[in-house]
Amino acid sequence: MIIDRRSLAKAAAMVVTAGFLISTASAEEMKHVALPGNNVYPESIAAASDGTLYISGLASGGIYRVKPGASVAEEWIKPGAYDTRSTFGVLVDEAKGLLLVCSNDASGIGVPGPGAVPGTFIKGFDLKTGEGKLSVAFPKAGSICNDFAIAEDGSIFATNTSSPQILRLKPGSNELEVWLESADFNQPKEGAGLDGIAFGGDGNLYVNTYTNAELYRVDVKDGKPGNITKLKTSRPLKLADGLRSTGGQSFIMAEGSGSIDRLTVNGDEANVETIKEGLAGPTSVALVGNTYWVPEGQLAHLFDAKSGPPTLPFRIVGIPAGQ
């Protein structure tokens, strides 16, 4: 299945009016780091333990890096390098010394990206040298690799946005397996499905869906999937995107409608606390020290021509964690 571009345009258009409503006072408290290039449309962000940030580019491809204390981002992995196309989810795998990257041929949703390599891959780049070290293809044609989580045993889990699938790459393996595929994830007929993914402190896996904006828990026992539970959120979500654990049963999450949130799961319920509103299509969030770093994806301007051109430069925004 290929995600319907019209549905993404309609969903992404929701972020336009929310885009730049940041008050002057809030803007003064926030930090901004510009990304080089006019066609980035940042899709995901990840942080290493030393505070280095890595940002992907849905339209441009490649990976951008912000070193600790830097005020500007640099192009770290060139677009198209190591047979990459459009880059989506990114996650630092410190144990393996790799940056994990979702590489997708997104031409089916109107985003050609760099290069011409077909298919969907998990790519891994050496954190020290930037050299490509890992390349594993998704088994199903038309897949969209969206984001990652790493299990205690080192297994890499990835969401497939175009099918209700969670895939797993076991340590030492060079072949992805479909760990779980279920209609319980309510795959939309049009639009995007599974998106963010993270392990909770209870050892279970938590995922959200983009278009339907739902949150799920997948029970995990001995590495195998168990019950799937749709969690009741304290308020409706809108365009649920990147999801990261902050310890225990707490998570941070981006909503493409313009906010980043703190989620606290208690049983089958999740309390949603808005950290910051008025962002220009946030796609993910990473916590470094006392700062939330958020890429403003501005995806409405990519998928809906009526939205006009994006505001340049593309940027990531640093928000004090105390807000």
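**Close-up 1. Salt bridge between glutamate 296 and arginine 315 in the predicted model.** The side chains of glutamate 296 and arginine 315 meet with an N to O distance of 2.6 Å. Glutamate 296 sits in the loop between β24 (291-295) and α3 (300-303), whereas arginine 315 belongs to strand β25 (residues 315-320), so the pair ties together parts that are 19 residues apart in sequence. Glutamate 296 is buried, at 2% relative accessibility. Arginine 315, at 21% relative accessibility, counts as partly exposed; the cut-off for buried is under 20%.

**Close-up 2. Salt bridge between aspartate 268 and arginine 217.** The closest N and O atoms of this pair are 2.7 Å apart. Because aspartate 268 is in the loop between β21 (259-266) and β22 (269-276) and arginine 217 is in strand β16 (residues 215-221), the contact ties together parts that are 51 residues apart in sequence. Arginine 217 is buried, with a relative accessible area of 11%, while aspartate 268 is partly exposed at 42%.

**Close-up 3. Network of salt bridges linking Arg217, Asp219 and Asp268.** The structure holds 14 salt bridges.

**Close-up 4. Salt bridge between glutamate 131 and lysine 133.** The closest N and O atoms of glutamate 131 and lysine 133 lie 3.6 Å apart, and the cut-off for a salt bridge is within 4 Å. Glutamate 131 is partly exposed, with a relative accessible area of 44%. Lysine 133 is also partly exposed, with a value of 47%.

Terms used. Residues numbered from 1 in each chain as written. Predicted model: local features only at pLDDT ≥ 70, side-chain atom pairs only at ≥ 80, totals over all residues. Heavy atoms only, no water. Buried < 20%, exposed > 50% of the residue type's maximum accessible area, 1.4 Å probe, protein only. Helix = DSSP H or I, 4+ residues; strand = E, 2+ residues; numbered from the N terminus.
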